[in-house]
Amino acid sequence: MMHRLRQILAIARVAYLENLRKQVLQVTLILTIAAIGSTTLLSFFDVGVQIKILKDLSLAAILFCGGVLAVVLSAGNIPGEILSHTAYPVLARAVRRSDYVLGRYLGAMATATLCMALLAVVFLGILAVYQKTFDWAVALGMLFILIEVAVVAAIGTLFSLFVSPLVAGTLTIGVFILGQIKISYLHGAIERSASPAGSLLLKGLYAVLPNLDCFSFKDALVHNIAVPASYMAIVALYGLVYCAFILSASGIAFARRDL
Amino acid sequence: MKGFVRTVAVRAAAAAAALTLALGAPVASHEDHHHAPHHWESPEIRAQLTGQTGILLVAWVAAAAAGRLIARREKERC
């Protein structure tokens, strides 16, 4: 068991170091920090309104950055290794293919977590200057964005095992966008749909898509509304189980693949 | 060097455009936030999430068992 864990961590470490060198990662990170910083320029509002705008825009920018990271890091994670033939020496050893998938995923998530932590430091630092206290609720909200990124990255990893990185990336973006509007728009669209075929299609889409908008507590954080802890626990559990299932399915898909 | 600068500039422009669109959405939704019900207040969504988590948990256990079986067969073949 310890031997397997060591193998998974070794694969994750290599993936993490590879991901750190990606240009798109650095550009996205710089732009998001710039977007968060630029909200402090809105000095013509009073402090209460400015804090609301800061929270709203910054959380939206961080969520967007998280989505980009999840897509970029997951879509090319394993196909890139197979195309460059660097996966073969690893897989030729006594490494389970499911462990390889898990290791690569954990490497991608380690990179995403580092980026999100950097953004959290900048955002929470600015917020602490305005509010004069550390906002634990916003820090918790950012943790849920990270869980959402983990779910999207798991889906991207699964797609990347069946299609090319470009198609996998596009499909993951599609899931990310549709998952964000699942409850707010798709639910209403099913009720409004006049044609039975359209309604059936929307219902199918609704059942398959992950509830990504449940991870967003932006409205609660901006308007200081209390969210029940039990609900947050359900959402966190949902996200973690979703990741576990998708990664298990990815492991099976990769194990059955003829390399 | 010129190619690198161009690549970075194009990527930065694309990311900036996407970020502008993404940031526009929350500003636009500020007006109607009072009318839309929050997801954490809806018992229907809570029940939906609980049900889906249960289904996913069962599916995960099944997938993990299948994965272990495949790994054992892989080992036997080797």
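Predicted model: local features only at pLDDT ≥ 70, side-chain atom pairs only at ≥ 80, totals over all residues.
## A salt-bridge network

Glu18(A), Glu81(A) and Arg104(A) are joined in a network of salt bridges.

## Other bridges in chain A

Over all chains, the structure holds five salt bridges. One of them pairs Asp99(A) with Arg4(A), whose closest N and O atoms lie 2.9 Å apart. Because Asp99(A) sits in helix H6 (residues 97-131) and Arg4(A) in helix H1 (residues 2-20) of chain A, the bridge ties together parts that are 95 residues apart in sequence. Asp99(A) is buried, with 2% relative accessibility, and Arg4(A) is partly exposed, with 28%.

Another bridge brings together the side chains of Lys55(A) and Asp135(A), at 3.5 Å from N to O. Here too the pair links distant parts of the chain: Lys55(A) belongs to helix H3 (residues 47-75) of chain A, and Asp135(A) to the loop between H6 and H7 of chain A, 80 residues away. Lys55(A) is buried, with a relative accessible area of 2%. Asp135(A) is buried as well, at 13%; the cut-off for that label is under 20%.

## The overall build of chain A

What is chain A made of? It has 12 helices and zero strands, giving the pattern α-α-α-α-α-α-α-α-α-α-α-α along the sequence. Its radius of gyration is 20 Å, close to the 18 Å that the globule rule gives for 259 residues, so chain A is as compact as a globular protein of that length. The C-alpha trace of chain A spans about 65 × 50 × 35 Å along its principal axes. Of the 259 residues in chain A, 52% are buried.

His223(A) and Met142(A) are 81 residues apart in sequence, and their C-alpha atoms are 16 Å apart in space.

## A nonpolar patch on chain A

Which residues form the nonpolar surface patch of about 480 Å²? They are Phe162(A), Val163(A), Leu166(A), Val167(A) and Leu171(A). Of these, Phe162(A) is placed in the loop between helix H7 (136-160) and helix H8 (165-180) of chain A. Phe162(A) is exposed, with 61% relative accessible area.

Chain B has two helices and zero strands. Buried residues account for 23% of its 78 residues. The chain exposes about 5700 Å², and carbon and sulfur atoms supply 67% of that area.

Let's finish with a feature that draws on both chains. Arg96(A), Arg68(B), Arg72(B) and Lys75(B) gather on the surface as a patch of positive charge. Lys75(B) belongs to helix H2 (residues 43-77) of chain B, and is exposed, with a relative accessible area of 69%.

Technical notes: Residues numbered from 1 in each chain as written. Chains lettered and ligands numbered in written order. Heavy atoms only, no water. Patch = residues over 30% accessible without salt bridge, like charges linked within 9 Å, V, L, I, M, F, W, Y side chains within 5 Å. Areas by Shrake-Rupley, 256 points an atom, 1.4 Å probe, with all protein chains shown as cover. Salt bridge = Lys/Arg side-chain N within 4 Å of Asp/Glu carboxyl O. Lys, Arg positive; Asp, Glu negative; His and termini not counted. Charge placed at Lys NZ, Arg CZ, Asp CG, Glu CD. Helix = DSSP H or I, 4+ residues; strand = E, 2+ residues; numbered from the N terminus. Buried < 20%, exposed > 50% of the residue type's maximum accessible area, 1.4 Å probe, protein only. Rg over C-alpha atoms; globule rule 2.2 N^0.38 Å.
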